[in-house]
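This report goes through a structure site by site, beginning with a term that the later sections rely on. The sequence and the coordinates are shown here.

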Amino acid sequence: MVRHVTSASTVPPTTSATPGVARPSAAEVLHRVFGFDAFRGDQQAIVDQLVSGGDAVVLMPTGGGKSLCYQVPSIVRDGTGIVVSPLIALMQDQVDALLAVGVNAAFLNSTQAADERARVENAYLAGELDLLYVAPERLNTEATKRFLGNGRVALFAIDEAHCVSQWGHDFRPDYLSLGDLAERWPDVPRIALTATATDATHREITERLSLHDAQHFVASFDRPNIQYRIVPKNEVRKQLVDFIRQEGAGQAGIVYALSRNTVEKTAAHLQAQGINALPYHAGLDAAVRQSTQSRFLREDGIVIVATIAFGMGIDKPDVRFVAHIDLPKSVEGYYQETGRAGRDGEPSVAWLAYGLQDVVQLRRMIDDSPGDLAHRRRMSAHLDAMLALCETVECRRQNLLSYFGQPSEPCGNCDTCLDPPEVWDGTVPAQKLLSTIVRLKRERNQEFGAGHLIDILRGKTTARTTQWTHDTIATWGIGADLSDQQWRGVVRQLLAKRLLATRGEYGTLGITEGSAAVLSGTSTVPMRNEPERRASSSSARRAAVADLAPADAGLFEALRAWRAAEAKEQGVPAYIVFGDATLRAIATARPGTVDDLGGISGIGEKKRASYGEALVAVVASAG
Ligand code: ADP
Ligand code: ZN
């Protein structure tokens, strides 16, 4: 049923719509339609499972290639693949991407005019569609089910299946009734897909969607093309601007912050520095948010500064960096957000700046949160795992993957691997700090925040130290060997390790159960070195720029310019024309004829027919 949508196409349809005629094999579809040589990872097994009529539950990271898992079987099997997706805003782009490779796809959602809907419905009933995207709330109505029953369903694909989890942050009540599909269509294969990796979510998906007989596919959650970097925060705006200039100049990126206020201010600051940045948060007008999102998808090199409201389903494959300027509340959230970088598999960076204040603030937020004790404990455990990642002296990726239950070797592509931190023994400074806290409490019944304690340790006279005669404390000035910033690093790491606690409204510091062992010297405190103590990192790589020979890089830029013009003319995002990886392959291979394009990944028959001559002309004119 693969159709060629534009009349300009010179290639005959790959298959006939007539039932009974031999269907193409999955490998044929992969090659001729999508232009790919081979399936990746579990794709082949998943496709086989569906084509043969079985169910599947698929856990695969962002960028892993989930879409092909249901798109190929929908084309191979008789009837239409029904895709349930909560992301109405993205349906248009998903359908455009399929039409661009000659697959007959359409969607049904609330944004459509009645005549357009009628056109789609007729196409479905006539058996002309390979894929039909439907919003979950629509699929739950009896009218829609009856309508689907009048045509032929090839399979049901339930995308973003973690939306069925009531405990997750993306819960959609409409997902709960999708389990009913099993009863109504017992013979139609179903596939549930998600990029959420936890066992609990996996179990919930299986239960609630009645996928008891499904085969399960759990991919590695590693994203090897993403370089993870975590730096101590000092002047965060300056650090951010430097980071963007060094790594991502002219590239698309996302900057995450916790509050709307920080989002607004940071976006304004970046704009003032000549960076093409736009703010995005839930307090903005829906129309503004819509236009920001669509500019991000369609224009090159926009940086979005956002709260987590900018998130699920940012399907843009060429996001080159994700930066966090506030500490995320959990490793799950962090991994999901950083996972929006580099879906296309090209080198990308996840950069996080975090500091003492983040720890103090998040701990206080948890203490003040309205939930019950169990809820606060859960949030605390999430934060502790996040802090352990920030303070680890080992490979970041190993830490992340082991959090998701996947053992691995040091990765060679994180800050720790590329530029191993010095580990130093922080026991003595920790003792100095803890004993200052103990003395102030015992001798004067006083508690203070980090700033004042550091002044005492460094012997720095201030109005407050004079007022309280703190220069008479036994620990006055015994920490003058460390700078203010190094001391803040010590406090931060002790807080992260729960050897120090913040208390009350002012975030004053107090000791914990673990502190005693440090004070008595029975436990030591290894610490990650602060950058100040060593030369600034020289080996950090410019990961965002892939290494093309200079001559090829020129052609790559020419191809990008051609793509931008083409995408603009069609009113679609650039990646729907071609992904970066395909343009890079063309720049290296320098095809001389349209036939030469056949071997390049990402160019199927339809795209070769539509763009082949134009591409060869760009290559020729680049000399
Ligand atoms: P996900 O939905 O899991 O985030 P996508 O389905 O968007 O991932 O695929 C990510 C990228 O990988 C896309 O650019 C897609 O074209 C590409 N891709 C997927 N499968 C293959 C394959 N077998 N060969 C080459 N590229 C692939
Ligand atoms: Zn590593």
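Buried means under 20% relative accessible area, exposed means over 50%, and partly exposed is anything in between. The structure discussed below is a predicted model.

Cys395 sits in the loop between helix 16 (373–391) and helix 17 (396–403), while Cys411 sits in the loop between helix 17 and helix 18 (415–418); the pair is 16 residues apart and links distant parts of the chain. Cys395 and Cys417 are 22 residues apart in sequence, and their C-alpha atoms are 5.9 Å apart in space.

Cys395, at 4%, counts as buried.

## The ligand 1 site

There are 14 residues around ligand 1, and those that come nearest are Ala38, Gly63, Lys66, Ser67 and Arg343. By class, the shell around ligand 1 divides into five nonpolar, six polar and three charged residues. Helix 3 (residues 66–76) supplies three residues, the largest share of this shell.

A nitrogen atom of ligand 1 is 2.9 Å from a polar backbone atom of Ala38. An oxygen atom of ligand 1 is 3.1 Å from a polar backbone atom of Gly65, and for Gly64 the corresponding oxygen-to-backbone distance is 3.4 Å. Ligand 1 taken alone exposes 570 Å², of which the protein buries 79%.

## Residues with positive phi

Most residues other than glycine have a negative phi.

Ser210 is not a glycine, yet has a positive phi of about 50°. Ser210 lies in the loop between helix 10 (199–208) and strand 7 (215–218). Its relative accessible area is 27%, so Ser210 is partly exposed.

Arg498, also not a glycine, has a positive phi of about 60°. The loop that holds Arg498 runs between helix 22 (484–496) and strand 15 (500–503). With a relative accessible area of 36%, Arg498 is partly exposed.

## Buried positions in helices

Is Arg492 buried or exposed? Arg492 is buried, because its relative accessible area is 6%. This arginine is placed in helix 22. The side chain of Arg492 makes a polar contact with the side chain of Glu391, at 2.8 Å.

Helix 24 (residues 550–570) contains Trp562, and Leu559 is found in helix 24 as well. Trp562 is buried, with a relative accessible area of 15%. Leu559 is buried too, with a value of 0%. The C-alpha atom of Trp562 is 37 Å from that of Ile230, and the two residues are 332 residues apart along the chain. Leu559 and Leu129 are 430 residues apart in sequence, with 32 Å between their C-alpha atoms.

## An exposed loop residue

Where is Glu513 found? Glu513 is in the loop between strand 16 (508–511) and helix 23 (515–519). At 83% relative accessibility, Glu513 counts as exposed.

Glu513 and Cys414 are 99 residues apart in sequence, and C-alpha to C-alpha they are 33 Å apart in space.

How values were computed. Residues are numbered from 1 along each chain as its sequence is written. Chains are lettered from A and ligands numbered from 1 in the order in which they are written. This is a predicted model: local features need pLDDT of at least 70, side-chain atom pairs count only at pLDDT 80 or more; totals for chains, interfaces and linings use all residues. Side-chain values use heavy atoms; hydrogens and water are left out. A residue is near a molecule or strand if one of its heavy atoms lies within 4 Å of it. A polar contact is a pair of N or O atoms within 3.5 Å; within protein, one must be able to donate a hydrogen and the other to accept it, and residues adjacent in sequence count only if both atoms are side-chain atoms. Accessible areas come from the Shrake-Rupley method with a 1.4 Å probe; for residues, only the protein chains shown count as cover. Helices (H or I, at least four residues) and strands (E, at least two) are DSSP runs, numbered from the N terminus. Ala, Val, Leu, Ile, Met, Phe, Trp, Tyr, Cys and Pro count as nonpolar, Asp, Glu, Lys and Arg as charged, and the others, Gly among them, as polar. Buried means under 20% relative accessible area, exposed over 50%, partly exposed in between (1.4 Å probe, protein chains only).
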